[in-house]
Each structure stands twice: as structure tokens, then as C-alpha cells.
Amino acid sequence: MQEEITTIRQQILEAKNNGQKLLAVLLDPDKIVLESLEHLIEKINQSPATHIFVGGSIVQTNILEELISVLRQKTNLPVILFPGDPSQISPQADAILFLSLLSGRNPDYLIEYQVQAAPILKKTNLEVISTGYILIESGNETAVARVSKTKPLSRDNLDLVLATAQAGEMLGNQLIYLEAGSGAKQPVPLEMIELISQNIAIPVIVGGGIIDLQGIQKAYNAGADLVVIGTAFENNSHFFDL
């Protein structure tokens, strides 16, 4: 009898059901120096990270394939694409967050890029994970807001954010991603994480503006199932050192 393969989405869901908290390190190819990649990977392997996300709002370098290839060779962690557009698809990764920017009304990020990506993804073995992406106001204009030409949802309008997350769940999204944005001045409010996590059944990812280990723990305590660290780790590869 053939053994059933557990998908990354199933693993995330099982972790949620078991109360196990997950951590992703986000690597932006535009900010990676290949000569320093060995050291960076060593730090990731020594960290509590459970996943590696790769992508950015705009990727202008051509190292995506090489970066993912090295990550697959040097780590045992799942490599998941976190793309800003269809040009950031690589068949070498394990999975892709198939993002729909629910917080904005720019049709390119709601459905157009997804239409462009679908035939590309059909030719790969990537696991496609439908993800509702919700950008939250964070005190400054982030790259996501600038590139997508959308306005983040107010950090004070909890009811609207909740309704947006619930709509994403009803549409069939398998994950909800609350995003303050790369380099955000403020992280997603803890009361918002708590409200969303208590009122949807699918896993909640939280990223942006988390600058220390205490911030990660606070997000977990509020109900985040998976926390993403990007800029803080980029700026300090010793982020997880005790």
C-alpha cells in the first residue's frame, strides 16, 4: 500500500491543532549576497526556524534559482515561495504561497497575477497553498503597499480586518497572512491577531515589524500559528543567538 505523502499545508494545520508554533525566515533575493550565503544558512540551521520563505515585493536580481538550489542542498527545511508576481516562480522550491491581496482592490493582486501564474504552476510539482494576504497599517509606507498600489487596512478597524479574514476563509483560502510589511515601524496589533485567530479555523501567519524574540513570543501568545522574520534577520544574522 502506497504511503500517503503529508503536504506542507497539512503539516502547518497539524501543528496548529497540536499547539506547535512555527517560524519562517524570509529571504529576499535582492538582499542576499551569494558569497555570504554559507554563513547565513549556517545561522538558519542553528535557529528555531521550521520553514524558509523566499521572495519579495520586487525581485530584480537573477539569483532566485541558485539561491533555492543552495538552500535545498544545505538545509532540511521546506523552501516556500513568497512571490510578489509570477516572475518569482521557481520549480525548485517545495511549495508556493498562492497569494491574493484581500486588503486591496487592485485587480492585479486579487486575481490577474494568479491567472498568469496558473499555467506556469501547472507545469511544476510545486505544492500550491491558497493564502489570503492582508496588509495592515504599520506606521510607514511599506514596499508591499507601494508596489501593489493599495492602502493597508487600519490597525484600529478590527472588525474590518476580521471580516476580510473570514471572507478569505469562506472563499477557500487555506491560510490567512496578516502582514505589517517589510521594515514596518509597528507589527500587527496583538489584539488583532487574537481576534482573527479565535474567529477563523485556518492557520494564521503573522509577519512584519517584529524585531526581537519577545515580539515573536507575543505574536505566538496572541494566537499566531506561524511567525515570519525577515528584515530583523537580514540586518542581524545573529538574531536567534542567545
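## I134 and its neighbours

Start with I134. Leaving aside residues within four places in sequence, I134 is in contact with L102, S103, L153, V161, T164, A165, I176, Y177, L178 and E179 (contact means heavy atoms within 4.5 Å). This is a predicted model, where local features need pLDDT of at least 70 and side-chain atom pairs count only at pLDDT 80 or more, while totals for chains, interfaces and linings use all residues. Residues are numbered from 1 along each chain as its sequence is written, and side-chain values use heavy atoms, with hydrogens and water left out.

## The nonpolar cores

I134 also turns up in the largest nonpolar core, which has 57 residues; I134, L178, I196 and I216 touch the most other members. A nonpolar core here is a set of buried Ala, Val, Leu, Ile, Met, Phe, Trp, Tyr and Cys residues joined through side-chain atoms within 4.5 Å. Buried means under 20% relative accessible area, with exposed being over 50% and partly exposed in between (1.4 Å probe, protein chains only).

Helix α3 (residues 64-74) gives the most to this core, with 5 residues. Helices (H or I, at least four residues) and strands (E, at least two) are DSSP runs, numbered from the N terminus.

## The annotated binding site

An unreviewed UniProt entry carries the annotation "binding site" for Y177, L178, E179, A180, G181, S182, G183, G208, G209, G230 and T231. UniProt positions are given in the numbering used here, feature names are shortened, and annotations may be inferred rather than shown by experiment. From this set, the lining of the largest pocket takes in Y177, E179, G181, S182, G183, G208, G209, G230 and T231. A pocket is an open set of points on a 1 Å grid over the protein atoms alone, where a 1.4 Å probe fits, with protein on both sides within 12 Å along at least five of seven lines; lining residues have an atom within 4 Å of a point.

Take E179: this residue sits in strand β6 (residues 175-179) and is buried, at 5% relative accessible area. Beyond four places in sequence, E179 is in contact with F82, Y133, I134, L135, I136, V188, G207 and G208. G181 lies in the loop between β6 and α7 (190-199), and is buried too, at 0%. Its contacts, again beyond four places in sequence, are L135, T142, G207, G208 and G209.

## Over to Q114

Q114 lies in helix α4 (residues 107-122) and is buried, with a relative accessible area of 9%.
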